[in-house]
Amino acid sequence: MSFTELLQEDLNRPHPGFLQDEAAYQLFHTIVQGNCAHRLKSEDGNLMYAQSVDYKGWLWLSKKLTEKDRGQRIEALCGLLGANGLPGIISDPETAEQFSIAYTSRHGLNCEVEMSMEAYACPHVRIVSGVAGESRLAGSHDIRNVAEFLAGFSEDAYGIAVDAESQLPGAERLITAENLYLWMVGEEMVSMANIAQRSPRHARINAVYTPRRHRKKGYASALVGELTRKVLNEGLTPMLYADLSNPHSNGVYRSLGYREQGKITDIRFY
């Protein structure tokens, strides 16, 4: 099994099988444009792998491959990647498990599932009405509040406690990119959401966060609904990932018109 370099052109005009799964693997566009440790594809395009330096790899395999073909390609990829520099794998549950077994067996490692997600895409949005407040673009004067929200998001989404001061650089980057939106009730910031990246057919929404004291009031639903409409008006399909351990957020996205595009499993090696 031989591999060639995965290029942005391969994602702009992808293999038909990947095009069908693209919403669930939208992060490939982000990784390939960044600081990559690996960007690989099989010559026939039925396997694609992309990994940012120091991060887990993303792996896509065509659903049309036979079980034997899948196994051979995964073994070849495991051999090519080597024992160092791969913290884990992210893919559909079957592929993630198959790759993890092959890779950890080969290199004497262990693994554990860190997160199970559902990918969602929204072809038509249902706008939320009757929610107090309004949305606006985040500005430089919001940096400290955004940093506090990012610290809360880190603890909620990943279980990692960080102080707001450490999130100031990230807050500045998000605000400078001019894709971070806030839901305001009067002068108070009560929710945030970000349009993380636009690719040829999709735009990914992330960093959706509402502090606990402001939850269950519809703020996140209203804000995500507005960002979803904005993306649709640009001619792109909005997509996002939701942690399956949080049924409330999954329910919110479905209520807005988001449809399931496939489960994604995040596995850590150690």
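Predicted model: local features only at pLDDT ≥ 70, side-chain atom pairs only at ≥ 80, totals over all residues.
**Entry 1: the surroundings of Arg201**

Leaving aside its neighbours within four places in sequence, I find Arg201 in contact with Leu11, Asn12, Pro14, Leu19, Glu22, Leu236 and Thr237, where contact means heavy atoms within 4.5 Å.

I then placed Arg201 in the fold: the residue lies in the loop between β9 (188-198) and β10 (202-209). Strands (E, at least two residues) and helices (H or I, at least four) are DSSP runs, numbered from the N terminus. I note Arg201 as partly exposed, with a relative accessible area of 25%; the classes are buried under 20%, exposed over 50% and partly exposed in between, with a 1.4 Å probe and protein chains only.

Next I followed the side chain of Arg201. It reaches the backbone oxygen of Asn12 at 3.0 Å, and it makes a polar contact with the side chain of Glu22 at 2.6 Å. A polar contact is a pair of N or O atoms within 3.5 Å; within protein, one must be able to donate a hydrogen and the other to accept it, and residues adjacent in sequence count only if both atoms are side-chain atoms.

**Entry 2: salt bridges**

I searched the whole structure and recorded 19 salt bridges, each being a side-chain nitrogen of Lys or Arg within 4 Å of a carboxyl oxygen of Asp or Glu.

I examined Arg106 and Glu75, whose closest N and O atoms are 3.2 Å apart in a salt bridge. Arg106 lies in helix α5 (residues 93-107) and Glu75 in helix α4 (residues 67-81), so the pair ties together parts that are 31 residues apart in sequence. Arg106 is partly exposed at 43%, and Glu75 is likewise partly exposed at 38%.

I turned to Glu165 and Arg144, a salt bridge with its closest N and O atoms 3.5 Å apart. Glu165 sits in the loop between α6 (143-158) and α7 (168-176) and Arg144 in helix α6, so this pair joins parts 21 residues apart in sequence.

I also noted the salt bridge of Arg254 with Glu260, at 3.8 Å between the closest N and O atoms. Lastly, I found Lys56, Glu112, Glu114, Asp266 and Arg268 linked in a network of salt bridges.

**Entry 3: conventions**

I number residues from 1 along each chain as its sequence is written, and side-chain values use heavy atoms, with hydrogens and water left out. Local features need pLDDT of at least 70 and side-chain atom pairs count only at pLDDT 80 or more, while totals for chains, interfaces and linings use all residues.
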